Amino acid sequence: MLIRLKGGEIIDPVNDARGGASARRDLWIENGFIIEAPEGRRADRTYDASGCIVMAGAIDIHSHIGGGNVNTARLLLPEHHSAHLPRPADTPLANAGWSTFTTGCLYAQMGFTTVVEPAMSPYSALHTHLELADIPIIDKATLTILGNDDFLLSLIRDGKSADMVDDYVAWTLAATNSLGVKVINAGAAAAFKENVRSFSFDDIVPAYGVSSRQIVKTLQSSVNRLGVPHPLHVHANNLGLAGSADTASVTIDATEGMPLHLAHLQFYGYGTEGKRKFSSEAARLAEQVNSNPDVTIDVGQVMFGQTVTISSDVTRQFLAIGNASPKKTIIIDGDGNGGGIVPYRYKENYYGSLQWAVGLELFLLINDPWRVFFTTDHPNGAPFTAYPDLFELLMSREARDRQVAELNAAALELTTLPSISREYTLEEIAIMTRAAPAKLLGLKDRGHLGPGAIADIAVYRRGRDIAAMFREAALVFKDGDLVVENGKVVNFRWGRALRLRPEPDKTMVRRMQAYHEERYGLSLDWFTFPDSALRRDEPFAEVPCNR
Amino acid sequence: MSVAWVGSQVVSLSDAIQHAAKLLASSHCPVISFDADVHGTRSVIALAEKLGAAYDHIRGRDLVNEITLFTSYGGMFTTPGEVRRRADLVVLVGDIPAEHHDLILSWASAPADLAAKDARRWFHLKANRPAPDNTGMNSLSRKVKAVALSAEGASLGSAVALLRAELADRPTVTSLTNLDKLKKALAEAAFPVFVFSGNTDEPMSLAMLQGLVADLNKAKRASSLFLPTDDAAWGAVLTCVWATGFPPRTGFPNGAPVYDPRRWDIERMLREKEADLHLWISARDSASPARRGGIPFIALVRTISPVPGAAVTIAVARPGVDHDSVTYSSRIGTFRAERASAPSDQPEVADIVRELAEALPC
Ligand SMILES: [Zn+2]
């Protein structure tokens with residue numbers, strides 16, 4: 001079918017389209033792909049996009065949408081789903097993508113077409129992919145967690161070769177069907193099992209004699225050598241603590257000429273100034289990011305209201321139990337990382353106001369929209385349903401000032417936010433949420449609107465209310481299928497999970513077989529699964545490695 | 001071999017599905033009891049949504065307690081792999097269902113390679129009353145040489161409460177046997193784990209146990225291992241949770257899922273005649289529902305003959321035997337893809353239920 005999307009204002013930074021009257025043109029779609037305007041052919045379907053902006057489908061690089069810990073959070077908090085359903089507009093969680101089904105629908109309605117679940121524990125890969133396969137419409141991908149697992153820590157302790165580490169990382173990527181590697185508070189979860197409760201970058205996991213830094217550097221190099229397009233995705237130590245900016249700072253310095261992605265930097269943007277010894281170090285961190293081209297970050301913006309924190313950083317979650325609201329939590333000592341579920345309400349008090357401001361400072365003070373990514377670390381800083389409001393805050397100083405007026409003045413005094421006048425342009429939004437994520441993840445087929453790209457397209461009706469514009473896309477296409485019209489889902493198709501397929505080394509497969517039989521008393525096939533286990537026609541799509 | 005019947009009459013599978021779909025479509029309040037693997041469960045939820053029906057797991061009554069621990073309280077948990085490799089002290093709590101005994105025995109013969117010391121100590125906290133050893137727990141307890149912890153006349157719930165109080169040095173009226181031994185073992189242990197299953201009689205005991213584990217974690221480390229009363233049923237719970245946001249006892253009164261363990265108690269709905277049609281799905285066995293007040297039922301069960309009293313019977317395949325399956329396994333504490341051990345073309349629940357949903361007029 002030949003589809004013509006008529007007269008929209010194209011915002012496609014990769015192909016030099018910056019919006020405005022000069023960028024108004026038609027977009028043509030055939031067989032799921034964007035094509036050059038065909039000559040002398042008539043469209044089978046034409047959609048009117050006049051008065052609208054047209055962007056590629058948005059890509060979320062870090063959102064906890066499925067898997068063991070997410071599902072445990074659902075189980076812990078059934079009230080978050082039911083109690084809020086009747087009043088969707090009231091609170092962010094009201095409409096949160098709590099089931100797999102609503103997750104796909106709500107993302108699509110906002111024009112998002114690809115979402116990365118960034119914390120898949122290797123042994124719950126099947127569980128995670130079962131959930132992702134039940135998320136309709138959008139494409140998904142996962143990052144596999146390494147760095148607290150006995151096998152890797154033993155390799156490092158025993159001084160095994162880089163080749164062997166690479167074989168293990170490649171085997172894990174292949175066995176878990178993932179798109180990249182994440183390390184979460186490297187070494188801390190292993191140390192926590194030995195009752196170590198605070199853990200920094202140069203601290204050592206007692207049982208292995210290996211430091212957090214060694215683990216991060218080992219994985220960073222391995223990912224790089226293997227040609228995994230996405231750099232090592234790092235959740236640093238000391239998340240959420242006053243003074244964590246120092247941890248973030250040494251972690252950024254540890255890039256040492258190789259790419260590294262630092263997740264939810266907002267949660268590390270804290271110094272120890274002020275009466276409450278909790279202040280913003282965002283300006284310093286932003287400066288450090290600006291001057292280090294090897295580092296990319298996502299923000300993990302906090303928005304106010306009820307949410308639940310879901311993290312494989314078990315140490316941090318254990319320490320946060322006292323802040324739970326409501327008062328119920330789950331802590332898991334897992335095979336590698338484990339994790340914790342701690343419900344939390346961000347209030348407009350000193351702490352909440354400061355966290356909110358730190359996130360915005362990072363967004364606004366990091367100059368290069370190719371290196372700062374748009375996340376709330378769903379649902380940790382806020383549910384992803386808060387994105388439209390966050391777009392508005394980034395694009396409108398006036399919207400920020402309105403909110404600032406209602407927040408804790410003492411907190412804001414310790415930030416630079418009130419003095420920042422920058423407003424994101426639509427082009428910068430398109431870079432941050434489309435072009436840059438595609439580049440960061442190695443997805444050449446999306447994130448832009450050039451011929452040959454898959455037809456993942458979001459069309460928004462231009463309006464003065466920025467949040468409203470992004471909340472309900474006028475039209476969304478996924479692989480050329482119209483899936484959303486006037487903010488409503490009209491087609492519940494199934495997307496795929498994007499994965500790398502490194503060829504696992506045969507010796508490593510044998511080692512893995514022996515390891516699982518000896519250590520767990522079970523054959524390796526207890527821990528792996530065939531594609532057919534997901535019962536979808538094409539559950540996966542392959543992404544090539546860099547070499 | 002016949003696989004489908006209307007009443008006692010042999011019919012083709014597609015005729016049986018059409019007939020069942022008609023019954024479901026004309027029912028005002030259909031309810032579903034099911035016991036199926038992950039893909040069977042997914043199909044049941046889709047059918048319930050389309051029908052506006054309520055569903056519960058066949059073992060829903062056993063599940064209520066275990067679910068409530070998570071929905072109301074939470075806790076600290078670990079995995080079977082960590083227990084095997086790291087736990088230097090294992091406290092078995094109450095009766096653990098027989099399906100998990102092999103797992104527990106396997107720890108006894110495996111070294112705790114991640115523990116500082118090699119020796120693993122065992123205790124068994126249990127009720128003190130003359131009760132038949134239905135699960136073979138006493139024999140398991142002997143095999144692993146577990147030291148018994150109990151108190152005169154105390155139920156399991158009381159024993160857990162007593163242990164928590166004694167470990168916290170609170171005054172108690174009575175005392176557990178061998179408490180000193182446990183205290184000493186706890187003082188020496190680096191990673192003690194309390195292994196438990198749902199305790200249907202005393203729901204609060206699960207939360208009490210978690211309170212105890214939380215107390216221990218104030219200064220040292222400890223965790224618990226949850227071994228569900230029924231692995232397959234727990235897998236169905238987790239599947240319902242991701243598909244709808246809720247554990248079972250969920251209904252779709254207005255299209256959206258509503259979780260309410262009392263309102264959607266299928267047994268109660270049948271007893272009080274709120275339901276007018278019962279769809280009973282069991283990939284496990286041929287057991288059929290207890291007839292309640294003549295409410296008609298459709299049976300999808302493992303059978304070679306029509307179920308007496310059923311309006312429609314369809315014989316279904318056994319997951320993991322007749323067809324590849326995904327189920328929850330306590331051996332790994334998560335889902336496992338299982339290959340068919342004796343593949344057959346017996347129809348599987350997921351396919352029949354999907355066809356049933358497709359046959360509904362909508
Ligand atoms: Zn995260």
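## The interface between chains A and B

Buried area is the accessible area, found with a 1.4 Å probe, that two parts lose on being put together, summed over both. By that definition, chain B and chain A bury about 4300 Å² between them, and carbon and sulfur atoms account for 55% of this. On the side of chain B, Arg85(B), Arg221(B) and Trp242(B) lose the most area to chain A, together 17% of what that side buries. With contact taken as heavy atoms within 4.5 Å, 54 residues of chain B touch 50 residues of chain A.

A word on how to read these values: this is a predicted model, in which local features need pLDDT of at least 70 and side-chain atom pairs count only at pLDDT 80 or more, while totals for chains, interfaces and linings use all residues. Residues are numbered from 1 along each chain as its sequence is written, chains are lettered from A and ligands numbered from 1 in the order in which they are written, and side-chain values use heavy atoms, with hydrogens and water left out.

## Polar and charged links across the chains

The rule finds six salt bridges across the interface of chain B and chain A, where a salt bridge is a side-chain nitrogen of Lys or Arg within 4 Å of a carboxyl oxygen of Asp or Glu. Glu348(B) and Arg535(A) meet through their side chains in a salt bridge, at 3.2 Å from N to O.

Helices (H or I, at least four residues) and strands (E, at least two) are DSSP runs, numbered from the N terminus. By class, the side of chain B that touches chain A has 25 nonpolar, 15 polar and 14 charged residues; Ala, Val, Leu, Ile, Met, Phe, Trp, Tyr, Cys and Pro count as nonpolar, Asp, Glu, Lys and Arg as charged, and the others, Gly among them, as polar.

## Strands that pair

Strand pairing also links the two chains: β19 (residues 329–333) of chain A and β5(B) run parallel over five bridges. Two strands pair if DSSP finds at least two bridges between them. Within this pairing, Ile330(A) stands opposite Gly75(B) in β5(B).

Inside chain B, nine strands form an open sheet of mixed pairing, in the order β2-β1-β15-β14-β13-β3-β4-β11-β12. Its edge strands are β2 (9–10) and β12 (258–259) of chain B, each pairing on one side only. Five bridges join β13 (residues 277–282) to β14 (residues 297–301) of chain B, and these two strands are parallel. Trp280(B) stands opposite Ala299(B) in β14(B).

## Two domains in chain B

Chain B is divided into domain 1 (4–59 + 231–359) and domain 2 (67–226), with bounds from an automatic or database domain assignment. Their centres, taken over C-alpha atoms, are 35 Å apart, and the contact takes 10 residues from each domain. Between the two domains of chain B, about 830 Å² is buried, 65% of it from carbon and sulfur atoms. In domain 1 of chain B, Trp234(B), Ser330(B) and Arg331(B) lose the most area to domain 2, together 58% of what that side buries.

How many salt bridges cross between domain 1 and domain 2 of chain B? The rule finds zero, and one residue pair in polar contact. The helix α10(B) gives the most to the side of domain 1 that touches domain 2, with three residues.

Most residues other than glycine have a negative phi, and most peptide bonds are trans. In chain A, Ser325(A) and Pro326(A) are joined by a cis peptide bond with omega about -5°, and Pro326(A) lies in the loop between α11 (314–319) and β19. A cis peptide bond also joins His378(A) and Pro379(A), with omega about -5°; the place of Pro379(A) is the loop between β21 (372–373) and α13 (387–395) of chain A. Asp16(A), although not a glycine, has a positive phi of about 60°, and is found in the loop between β1 (2–12) and β2 (17–18) of chain A.

Methods: A polar contact is a pair of N or O atoms within 3.5 Å; within protein, one must be able to donate a hydrogen and the other to accept it, and residues adjacent in sequence count only if both atoms are side-chain atoms.
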